[in-house]
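Subject: Structure handover

Dear colleague,

Here is the structure for your files. My notes on it follow below.

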Amino acid sequence: MELNSYIKQGVERFKNIDNKEVIRVISHLDTDGICSAAILTKAMIRERKKFSITFINYLSEEFVRALGNEQHKHIIFLDLGTSQIKNIKKYLKEKEIYVLDHHSTRIRTEEEGVFHLNPSIYGTDGSKEVSGASVVYLFAKELNNKNLDLAYLGIVGAIGDSQENNGFLGLNNEVLDDAIKSKKINIEKGIRFFGAENKPLYKVLKNSVDIYIPGVTGSDDKALELLESLNIEAKKKGRWTRLEDLEEDQLKALIESIVLKRQSLSQNELKKNDIFGNKYILLGANPEIRDLRELSTMINACGRLDKASVGMGLLLGDKKCFLRATFTLKEYKKEILKAIKWIESKKRTKKVIQEKGYMIINAGEEITPKILGTITSMFTRNREIEYGTYLMGLSRTFNDKIKISFRIVGNRSKVSLQRLLESIVEKFDGECGGHHNAAGGLIHVKHEEKFIETVKMELGKKAMEEVIE
Ligand SMILES: [Mn+2]
C-alpha cells in the first residue's frame with residue numbers, strides 16, 4: 001500500500017473510536033515527542049476525543065507489558081514504539097494500537113493487527129527526512145483540514161531532532177510548505193545566531209556554539225574585545241546593544257570579522273553551520289520563542305527537567321506554561337553551567353579520567369542523569385580534546401543505577417558506538433541503546449568499579465588499534 005492510503009485507513013479507524021472512551025497516549029519526552037503530543041492533543045480536542053498522555057524517556061518491554069493491564073482499549077505511541085513493535089504485538093493483543101514513529105526499522109511491509117505508521121517503511125530516511133512530529137502532523141491533517149495550523153510543530157520537532165540543515169528534506173519539506181501556507185511561520189534569511197532575538201550581542205557571540213567563533217565562543221571578555229575592535233559599543237546609554245541595533249556597516253564589519261576568524265575551521269563545519277541561512281520565525285510569538293530553534297531549545301529543557309507537560313502547554317498557547325517554561329530553561333542552563341564547572345574542577349582527578357583516546361566523566365550524583373547526554377554531547381565539539389577521542393559520561397540515578405552516555409569527539413565514529421557500548425554493558429547485565437555516533441546505557445551501581453576498569457581497557461585497546469592502522 002502507498003503511504004497516503006495507509007494514513008487514510010488509520011484515520012478512518014481512529015475516527016470510529018467512541019468519544020466517551022479515554023485514549024491512552026504515550027510519547028517521547030524530547031522536543032520531537034512533545035511536539036508530537038501537542039499536535040495530537042489539539043487534533044483530539046477538535047474531534048472531541050478524551051485522552052490521557054504520559055511522556056517517557058525510553059519505551060521498555062516492561063512498560064509495554066504494564067500497559068496490557070490497564071483498562072484503556074486504545075493506545076497511541078508517538079515518536080517511539082517502532083523498536084518495541086514485537087512486544088507491542090505480544091503483550092497488547094487485546095488492544096487497538098496506533099504507532100506513529102519515524103525511527104528507522106528493518107520492517108519493510110505493513111503490520112497486521114496494529115496501525116504502524118512509520119515513513120521509513122516506505123523508503124523515507126527517518127533520521128533526516130521526517131520527524132516524529134511531522135508523522136503525527138500527516139495523520140492529523142488527514143483527520144481534519146483545520147489541523148493545517150499545526151504543521152509548524154512538525155518543523156519544531158524536526159529541528160529538535162537535528163534534521164534541519166539550512167533547509168529540510170523530503171516529507172519535512174512538505175510539512176514546511178503547509179506551515180508557511182497556514183501563515184504560522186515565515187522563513188527569513190539572516191544570521192543564524194542563537195539568542196539574537198533578545199540577548200545582548202556580546203552574550204550572543206560568547207554563546208555561539210553551533211556557529212563556532214574560534215577565540216571568542218565561550219569567553220565574555222573576548223566577545224567584548226571583538227566588539228571593541230570593531231568600534232561597536234557593547235552598551236549604549238545603559239542598555240546592552242543587540243544584533244538588531246547595529247548599523248548596516250557595523251553589521252557588515254562584524255560578519256567579516258567572524259568569517260575571517262572561522263577560516264581555520266574545516267569546510268564541512270563551515271558548510272554545516274553557515275553563519276547565514278534560514279531562520280524559521282513563528283509569527284506573533286514572544287521574542288523568546290520567535291525563532292523556532294529557540295522554541296525547540298525551550299521545549300527540550302522542559303523535557304529534560306521532567307516538565308514535558310509544561311512544554312506541551314506552551315505549544316498549545318497557555319500563558320502560564322510559557323512563564324514556567326521560560327523559568328525551566330533558565331534552570332536547565334544553570335544545571336548545565338554547574339555541570340561544566342564541576343568537570344573543569346575535577347580534571348586530572350579520578351572523577352574525570354583523561355587518557356590517550358578516551359575520556360571518562362564519572363559524575364556520581366554531581367550531574368543529574370537528565371542532562372548527562374547533553375553534557376557529554378557538548379564535549380564532542382570541544383576543540384581542546386583530540387578528534388576521535390571516545391567520551392563517556394556516568395551519572396547515578398535515584399534507583400541505584402548508573403546512566404551511561406557514550407559519544408565521540410567530532411561525532412564521526414569508525415565503529416558503531418551503540419555496538420561497542422553494548423559489548424561492554426552486556427558483561428554487566430546492563431541495558432543499552434542508541435545509534436552509530438551516540439549511545440546510552442544503564443548498569444547497576446554495584447558494577448561501577450569493574451565497569452570503569454573494563455571501559456578503560458576496551459577503549460584504550462581501541463585507541464591503540466587506531467594508531468596502528
Ligand atoms: Mn524523534
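Two residues are taken to be in contact if their C-beta atoms, placed from the backbone, lie within 7 Å. Helices (H or I, at least four residues) and strands (E, at least two) are DSSP runs, numbered from the N terminus. Axes are lines fitted to C-alpha atoms, for helices over the stretch in contact, and angles run from 0 to 180 degrees between N-to-C directions.

This is a predicted model, in which local features need pLDDT of at least 70 and side-chain atom pairs count only at pLDDT 80 or more, while totals for chains, interfaces and linings use all residues. Residues are numbered from 1 along each chain as its sequence is written.

Mixed sheet

Helix 16 (residues 417-425) lies across strand 13 (401-408), strand 14 and strand 15, and runs at about 170° to strand 14. The sheet is open and has 6 strands in the order 10-11-12-13-15-14, with mixed pairing; two strands pair if DSSP finds at least two bridges between them. Strand 10 (352-355) and strand 14 (431-435) are the edge strands, each pairing on one side only. On average, neighbouring strands of this sheet are turned by 10° against each other, direction ignored. Strand 14 runs antiparallel to strand 15 (residues 438-444), and 5 bridges join them. Within strand 15, G440 stands opposite G433.

Another open sheet has 5 strands in the order 2-1-3-4-5, with parallel pairing. Strand 2 (50-56) and strand 5 (114-117) each have a single partner strand, so one side of each is left without a neighbour in the sheet. The twist from one strand to the next averages 15°. Helix 2 (residues 31-46) packs on this sheet and touches strand 1 (22-28), strand 2 and strand 3; the direction of helix 2 makes about 160° with that of strand 1. Strand 3 (residues 74-78) and strand 4 (residues 96-100) pair in the parallel sense over 5 bridges. H74 has E96 in strand 4 as its bridge partner.

Two residues with positive phi

D79 is not a glycine, yet its phi is positive at about 60°. D79 sits in the loop between strand 3 and helix 4 (85-91). A residue is buried if 20 or more other C-beta atoms lie within 10 Å of its own, exposed if 12 or fewer, and partly exposed in between, with C-beta atoms placed from the backbone. D79 counts as buried because it has 32 C-beta neighbours inside 10 Å.

S162, also a residue other than glycine, has a positive phi near 55°. S162 is in the loop between helix 6 (151-160) and helix 7 (170-181). With 12 C-beta neighbours inside 10 Å, S162 counts as exposed.

Regards
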